[in-house]
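Here are a few friendly notes to read alongside the model. Please keep the structure open as you go through the points.

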Amino acid sequence: NAFGESMFSILPSLKSEKWQLVNSNMTTPLNHIPTMPLTLMQKQWLKAISLDPRIKLVVTVAYVVFLFLSTNAVGLTLCIAAIPALYGIAKIPVKLLKKSLKPILPIILFTVVLNLFFITGDGAPLFQVWKIKVYMEGIMFCIVMVIRIICLISGTSLLTYTTSPIQLTDGLERLMKPLNVVKFPVHEMAMMMTIALRFIPTLIE
């Protein structure tokens with residue numbers, strides 16, 4: 001009856017856990033807070049945003065800027081963690097990432113050796129090879145430089161792996177469209193930048 005479902009019986013039923021909606025102390029028995037699922041329209045909107053070449057270009061530029069502005073371990077760790085996460089989201093095979101990095105290993109090794117022996121520090125050297133002294137500052141600089149180079153190549157390669165040259169050209173042209181006011185050759189510049197970006201994986205192969 002209506003009286004049985006009134007406020008006089010609802011609260012006792014909840015406290016006695018007859019209705020297992022809350023615990024006796026009036027807390028929820030749910031381990032996970034329920035969330036509102038995305039609607040079909042929201043999913044389609046997010047997919048369209050993620051596939052927009054302009055968004056990819058802006059995110060890539062922001063990543064590169066953040067990569068080179070990061071001077072502490074936290075920032076560099078975030079940059080490193082972003083690479084496997086983004087490759088996993090884009091479903092790019094790990095072998096492509098290895099292929100992107102393999103050709104630049106000799107360059108990285110040469111640069112590391114060069115900087116390791118010629119960067120000096122304030123304190124005493126860690127060790128000395130003939131007349132060449134190796135300092136802790138040199139080792140730290142080399143580690144940071146290697147991380148930045150690897151993340152830079154991996155990030156830009158991801159952009160070219162997931163975006164066609166036509167999409168890149170269109171995205172760059174639309175981003176630089178305001179420069180048409182000053183008669184800047186937007187189309188030509190977009191084409192040149194697209195060709196340069198597109199040939200990164202080709203040169204690696």
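1. A word on terms before we begin: helices here are DSSP runs of H or I with at least four residues, strands are runs of E with at least two, and both are numbered from the N terminus. Do keep in mind that this is a predicted model.

2. Let's start with the surface. Leu126, Phe127, Val129, Trp130, Met136, Met140 and Ile143 together make a nonpolar patch of about 740 Å². Which element gives the most to this patch? Helix 7 does, with three residues. Met140 is a residue of helix 7.

3. Two elements, strand 1 (127-129) and helix 7 (136-162), each contribute at least two residues to the nonpolar patch.

4. Now for a helix pair. Helix 3 (residues 53-69) and helix 4 (residues 73-90) have axes that come within 9 Å and cross at roughly 145°. The crossing of helix 3 past helix 4 is left-handed.

5. Who makes the contact? On the helix 3 side you will find Tyr63, Phe66 and Leu67, while helix 4 brings Gly75, Leu76, Leu78, Cys79, Ala82 and Ile83.

Notes:
Residues are numbered from 1 along each chain as its sequence is written. This is a predicted model: local features need pLDDT of at least 70, side-chain atom pairs count only at pLDDT 80 or more; totals for chains, interfaces and linings use all residues. Side-chain values use heavy atoms; hydrogens and water are left out. Axes are lines fitted to C-alpha atoms, for helices over the stretch in contact, and angles run from 0 to 180 degrees between N-to-C directions. A crossing is left-handed if the near helix is turned anticlockwise from the far one by less than a right angle, and right-handed if clockwise. Contact means heavy atoms within 4.5 Å. Patches are made of residues with over 30% relative accessible area and no salt bridge: like charges are joined within 9 Å, nonpolar side chains (Val, Leu, Ile, Met, Phe, Trp, Tyr) within 5 Å. Accessible areas come from the Shrake-Rupley method with a 1.4 Å probe; for residues, only the protein chains shown count as cover. A salt bridge is a side-chain nitrogen of Lys or Arg within 4 Å of a carboxyl oxygen of Asp or Glu.
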